[in-house]
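These are my notebook entries on a structure I have been asked to look through. I record the domains, then the sheet, then the relation of the chains.

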Number of protein chains: 2
Amino acid sequence: MISAPPAVTGARLSDIDTPALLIDLDAFEGNLQRMANFARASGVALRPHAKTHKASAIAARQLALGAVGVCCQKVAEAEVMVANGIADVLVSNEVVGNAKLDRLVHLARRAKIGVCVDHPEGIAELEAAARRAAARLSVLVEIDVGGRRCGAAPGAPAAELARRIAASTHLTFAGLQAYHGSAQHVRDYAERARAIAAAHACVAETQRALGEVGLVAPTISGAGTGSYALEAAGAPLTEVQPGSYVFMDADYARNRGADGAPGDGFAHALFVYATVMSTPAPERAILDAGHKALSIDSGMPVPWKLPGAVYHRPSDEHGILDLAGCAARPRWGDKVLLVPGHCDPTVNLHDWYVGVRGLATPEAHVAYLWPVDARGALF
Amino acid sequence: MISAPPAVTGARLSDIDTPALLIDLDAFEGNLQRMANFARASGVALRPHAKTHKASAIAARQLALGAVGVCCQKVAEAEVMVANGIADVLVSNEVVGNAKLDRLVHLARRAKIGVCVDHPEGIAELEAAARRAAARLSVLVEIDVGGRRCGAAPGAPAAELARRIAASTHLTFAGLQAYHGSAQHVRDYAERARAIAAAHACVAETQRALGEVGLVAPTISGAGTGSYALEAAGAPLTEVQPGSYVFMDADYARNRGADGAPGDGFAHALFVYATVMSTPAPERAILDAGHKALSIDSGMPVPWKLPGAVYHRPSDEHGILDLAGCAARPRWGDKVLLVPGHCDPTVNLHDWYVGVRGLATPEAHVAYLWPVDARGALF
């Protein structure tokens, strides 16, 4: 089932039902503009990752500010984006098995679709699926640039995959996917810069190997919210794929920029709004937001503008606020804002975004209700 | 959006798209029957918790085996259950705020609805909502029996709440909610038994205090999969609320029974089915199931019948199998079964159950596709 939205347009903050996924529209629009400005100034193409927001309404706003298209991680996400008017989608991931591939090549007849591969059998499957649909697919070779997740080994092994793609009838070799996932969350700037420099050395090694088989990578795509600035200027990447910058989360806010500043200048724009549903002791408030309303894989959510309050001991439908160190304790029935520990899997738990204008002002009100239309798009 | 189901009825195991939520129907039916037999033999009413499975199709099977009704944790879950024919629902949780309360009292005009309370203001809100709808609500006082989450203090404070309920015009004092959440996961049987004995002492203290204000608790509800056996025989509870027994998970399997046996005789019946989408190194396989397909809040999922394989380092859409100690390594494109660390929040990530008959046999096939129809029912 899809839940009814937890508010109506125009509602006041206190009338939003909880637990709800709130966007501070002012902070959010600032984040979108900041990244768009950066891409324009640096000359790198911006292809934001839609896995973070899973909402075609947000993708459309990113494109309106100059993004060349979006990334998706799943074919089912790409289907939602294409169905809602996004004409250029890179599935920045391997797609395995005919059930998904037949959906992918069908999409490729209606939109510009790219996909990644890191295995010869993957290329054979892609070619067979494209042949069945009389479609043409753009294929990037994913290389492991240090994240030790997916990806072919840089250099000759990756170039051999590129050669196979180029020799296929229904596939176009479109370039390299060179995303370093774990480097995004290295807190120290210099250490993060070293990891990214090593990733770029992998790209350069692969470019040389491609040259030896007579190929050039037209696109080199990668980077995330933790590394986009390091990966644009003078680096081999032609396009960047940041996702979390639209919202930020407690985890990314722990990153330090070149000047030591937290969160690289992006603002917290995503919150889980929760109600104090029980106050069994003065120093303990129980919130109606637990594992089914927020994800704790990258740490606990952080209470917003509630100094001294600590969210801990979540269970499925509850979270506990330790108020021992909190001077302005929320009371029974009050509502509080939480900054999620990790935005992407938190978003995936909700059916609706509640977009609030003027969040920090007395005029705060619901301006938009956007469906998380690719929520649960697992396939 | 609701995803299309990942399989069709009659499909073979290998044709199920991934990541999918699989039920081993044979194990599942055995679990249902085992708990039903226990309740019948012990004379305690069985009110299984639907927060675990969030599926009216499963609730209907529990009622067909003798359950008196179900528990829900959210009004929106109760709405799904009532809409699908479940006539008796206890919302085993506090419900705060008029948006939810107006939905709750509306439901109470169509089905037998109970709800919990632990605060005087909660009673006032319930009474006002029931008055608005000209409805009548059964209200249980939740007492904190040691879990330190919600719940009034046992004894006189709880009895005072009961007195207020009984004095209300539209509310009926229905009894006590006495669930000890954290005790469910105490591994050692004797230690768990001590926690439950302490919980029962809280119930007895509250029963005495109720007597002093001239009240009796008609229903005393509580217990979960980790404590149901301890809470039925000779204990004050009149009904038990286990949820996870239908599926079990890696966390509950770490509990030890009175005889030291793991998992108390229930079988693993729930799996996340995943595909090996990348094999970048011989000892490393990348699965297409990460944070958006399974929950790690109670530990990592455990590969099923794949000795020596360890699932670790999940990211949003990927999980890594460390195969260094695994003799029968899965290959690129193979599919594997994972036992979720925690069943409830894992279920909440999926739109469909794929019910498989004969999972361990060559005749394994999809027999049922059940919607997780209360998935995302947050309100």
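How far apart do the C-alpha centres of domain 1 of chain A and domain 2 of chain A lie? I find them 33 Å apart. I note that this is a predicted model, in which local features need pLDDT of at least 70, side-chain atom pairs count only at pLDDT 80 or more, and totals for chains, interfaces and linings use all residues. Residues are numbered from 1 along each chain as its sequence is written, while chains are lettered from A and ligands numbered from 1 in the order in which they are written.

Entry on the domains. I took the bounds from the domain assignment of chain A, which gives domain 1 as 13-21 + 265-371 and domain 2 as 25-248; such bounds come from an automatic or database assignment. I then looked up the contact, to which domain 1 of chain A gives 18 residues and domain 2 of chain A gives 19 residues. Contact requires C-beta atoms, placed from the backbone, to lie within 7 Å. On the side of domain 1 of chain A that touches domain 2 of chain A, helix H9 (343-347), strand S16 (352-357) and strand S17 (365-371) of chain A each supply at least two residues. The largest share, 4 residues, comes from S16(A). Helices (H or I, at least four residues) and strands (E, at least two) are DSSP runs, numbered from the N terminus.

Entry on the sheet. In chain B I traced an open sheet of 8 strands in the order S2-S9-S8-S7-S6-S5-S4-S3, with parallel pairing; strands pair if DSSP finds at least two bridges between them. Its edge strands are S2 (45-46) and S3 (70-72) of chain B, each pairing on one side only.

I followed strand S4 (residues 88-94) of chain B, which 5 bridges join to strand S5 (residues 112-117) of chain B. A further 3 bridges join S3(B) to S4(B), again in parallel. Val91(B) stands opposite Val115(B) in S5(B), and Cys72(B) stands opposite Val91(B) in S4(B). S4(B) is mostly covered, with 6 of its 7 residues buried (20 or more other C-beta atoms within 10 Å of a residue's own, C-beta atoms being placed from the backbone).

Entry on the chains. I laid chain B on chain A with an RMSD of 0.0 Å, by a turn of 180° and a shift of 0.0 Å along the axis. The superposition is by least squares on the C-alpha atoms of residues with pLDDT of at least 70 in both copies. That is the relation of a two-fold axis. The same surface serves both copies, since 100% of the contact residues of chain B recur in chain A.

Key. Contact = placed C-beta atoms within 7 Å. Buried ≥ 20, exposed ≤ 12 C-beta atoms within 10 Å, placed from the backbone.
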